[in-house]
Amino acid sequence: TFDPPAFEVKELFGEIRIPILKDIPVFHELTLSGAGRIADYKGSTGTVYSYNAGVDWAPIEDIRFRANYSRAVRAPNLVDLFTPLGQNFAPPPTDPCSLRNIGEGSATREANCRADGVPATYDYVYPSSLGFLSGGNPDLREETSDSYTVGGVLQPRFLPGFSLSVDYYKIVVNDVITSPSAQAILDTCYDASDLNNQFCDLFERAGPGGGPRGEIQGQILENSLQVIPLNYAKLKVRGIDFEAGYRRSFGKVDVS
C-alpha cells in the first residue's frame, strides 16, 4: 500500500469594492476594486497568495474604461505529487549523445555529452524499448500567473441597444507543470547550457565499467530514467479582444 503525506487545504478570502466618485463632471463613475486569497496546502506547496486589483472609470454615461491586474496560483494536485513510481516503457529513444545525433541539437550538446562521461566514439542505437519509471513528483512547486487587462466599453445613448468592448490582455504563466516525454528529457538535458539542470538529474548512464544489465559505457541504464511532472518553461499570451452587440425589439410576436 501507498500512504501519501497528509494533505489539507485551508483558505482565507477577502474582496472589496470602493466607489470613489459618482455623477460629477468627468467622473460619471470611478470605482476601485480588489481581492486577495491566502491558501495553505499542507503536504504540498505550503502557503501561496493570489490577488487582483482593478479600476473602472466612466467619464460620461456612454463610455467606460477599465484596467485590471491579477495574480493567480494553481497548486499541483495529488496525482501530480504522490503517484508512486511504476514500471513503464518508451519506444526506442534517439540518444542525443550518439555520434549520428550529436550534431542535431544545440551548440552545447556535444560538450555536455562529453562532460557526462559519454565517449567520443559512442554511437549506440537502441534496438528496443527503454524501461523507465513514471509517477508523481513531490518536489513540484505551484504555477503562478500574472495577467494584465486594459480596455473600454462604448454604449452610446443615441443608439440604444448597441455596445462595443475592446480589451488588450497579457497573461504570463510561470513554473508551468508539464509531463515531458522520455525523449524530451534526454534532449533537453544535453541541449541546455550545461548539465546543471533538472532534466539531467532524472537518469543515469553506465560508467567505464558498464552497467548491471550489460550496458556499455555511456548507455542509459535500464529503469534509471524517471518520467515525472516538472516545473519548467513559461507560457505567454497577449492580444486584443473585440466584442460588438446590438439588441433591438421589433415589436411583439403573436404566437396564438
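Counting bonded cysteines along the chain, the disulfides follow the pattern 1-2, 3-4. A disulfide here is a pair of cysteine sulfur atoms within 2.5 Å. By this rule there are two disulfides. Keep in mind that this is a predicted model: local features need pLDDT of at least 70, side-chain atom pairs count only at pLDDT 80 or more, and totals for chains, interfaces and linings use all residues. Residues are numbered from 1 along each chain as its sequence is written, and side-chain values use heavy atoms, with hydrogens and water left out.

Take Cys97 and Cys113. Their sulfur atoms sit 2.0 Å apart. The torsion about the S-S bond is about -85 degrees, so this disulfide is left-handed. Cys97 lies in the loop between β5 (86-90) and α2 (109-115), and Cys113 in helix α2, so the pair ties together parts that are 16 residues apart in sequence. Helices (H or I, at least four residues) and strands (E, at least two) are DSSP runs, numbered from the N terminus. Both Cys97 and Cys113 are buried. Buried means under 20% relative accessible area, exposed over 50%, partly exposed in between (1.4 Å probe, protein chains only).

Next, Cys189 and Cys200. The S to S distance is 1.9 Å. With 100 degrees about the S-S bond, this link is right-handed. Cys189 is in helix α3 (residues 182-191), Cys200 in the loop between α3 and β10 (226-227), eleven residues apart. Cys189 is buried at 0% relative accessible area. Cys200 is buried too, at 14%.

Now the surface. Is Lys236 buried or exposed? Lys236 is in strand β12, and at 62% relative accessibility it counts as exposed.
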